[in-house]
Amino acid sequence: MSDMFLKRLLFSLVMLCIVLCVDAQGKHKRFTPERFQAELEQYIVEKACLTPKEASVFFPVYREMRDKQRFVHKKLKSMKRVKPVTDAECKKNIKMCDEAEIEMKEIQKTYHDKFVMILPARKVYDILNAEDKFHRQMFKRTANKNRKK
């Protein structure tokens, strides 16, 4: 084999390794619902000072609430995706969206009552504040990343 061929082969292998490493690092930065959920739960545990026992009782109920909210949110999102043509259709859509948002609040209220039955109210209060703060921080982080691009 010629010296030039070996240099090209080595160069190609080095470039391939660099591309694979960069791609692997990029995958860790991408959004995944599982990582988001894990980060949210860890944040809540830290900020609300939940014990492992409290967390093991709380999070299954919390995830149940989030699943129900996610279902209603998808329904709401699909209603807002297409603009109705007539005034009557617009009025109907507005009413359906309002009902979906009320349903979201009813789910939230029902589960807040459940939370208070399994944890002290002060911990539930801290959890709700931590959840809000986490979402605001994630929104800011995403907004800052988008500005840099």
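## Buried or exposed

A residue is buried when its relative accessible area is under 20%, exposed when that value is over 50%, and partly exposed in between. Isoleucine 127 has a relative accessible area of 1%, so it is buried. The model discussed here is predicted.

Across the protein chain of 149 residues, buried residues make up 22%. Two other residues show the remaining classes. Cysteine 49 has 55% relative accessibility and therefore counts as exposed. Lysine 77, at 48%, counts as partly exposed.

## Overall fold

The protein chain has 5 helices and 0 strands. Read along the sequence, its pattern is α-α-α-α-α. Take the contacts in the chain with a separation of 6 or more: residues 24 or more positions apart account for 70% of them.

## Helix α2 against helix α3

Helix α2 covers residues 33-48, and helix α3 covers residues 52-81. They pack at an angle of about 135°, with their axes 12 Å apart. The two helices are therefore oblique to each other. The crossing of α2 past α3 is right-handed.

On the α2 side, the contact is made by Gln37, Leu40, Glu41, Ile44 and Val45. On the α3 side, it is made by Ala55, Phe59, Tyr62 and Arg63. Sorted by class, this contact has 6 nonpolar, 1 polar and 2 charged residues.

The loop between α2 and α3 holds cysteine 49. This residue is not a glycine, yet its phi is positive, at about 55°.

## Helix α3 against helix α4

Helices α3 and α4 pack at an angle of about 175°, with their axes 9 Å apart. That angle makes α3 roughly antiparallel to α4. Their contact has 16 nonpolar, 4 polar and 7 charged residues.

Lysine 77 lies in helix α3. Lysine 77 and alanine 100 are 23 residues apart in sequence. Their C-alpha atoms are 10.0 Å apart in space.

## The nonpolar core

In soluble globular proteins, nonpolar side chains tend to be buried together. The largest nonpolar core in this model has 25 residues. Which of them touch the most other members? They are Ile44, Leu50, Phe58, Phe59, Tyr62, Phe115 and Ile127.

Helix α3 gives the most, with 8 residues.

Isoleucine 127 is found in helix α5. What does isoleucine 127 contact, leaving aside its neighbours within four places in sequence? Its partners are Ile44, Ala48, Leu50, Phe58 and Leu119. Isoleucine 127 and glutamate 41 are 86 residues apart along the chain, and their C-alpha atoms are separated by 9.7 Å. Glu41 is also one of the α2 residues in the contact with α3.

Phenylalanine 115 is another of the core residues that touch the most other members. With neighbours within four places in sequence set aside, phenylalanine 115 is in contact with Phe58, Val61, Tyr62, Met65 and Val124.

Terms used
Residues numbered from 1 in each chain as written. Predicted model: local features only at pLDDT ≥ 70, side-chain atom pairs only at ≥ 80, totals over all residues. Heavy atoms only, no water. Axes fitted to C-alpha atoms, helices over the stretch in contact; angles between N-to-C directions. Helix = DSSP H or I, 4+ residues; strand = E, 2+ residues; numbered from the N terminus. Parallel < 35°, antiparallel > 145°, perpendicular 65-115°, else oblique. Left-handed = near helix turned anticlockwise from the far one by under 90°. Contact = heavy atoms within 4.5 Å. Nonpolar A, V, L, I, M, F, W, Y, C, P; charged D, E, K, R; others polar. Core = buried A, V, L, I, M, F, W, Y, C linked by side-chain atoms within 4.5 Å. Buried < 20%, exposed > 50% of the residue type's maximum accessible area, 1.4 Å probe, protein only.
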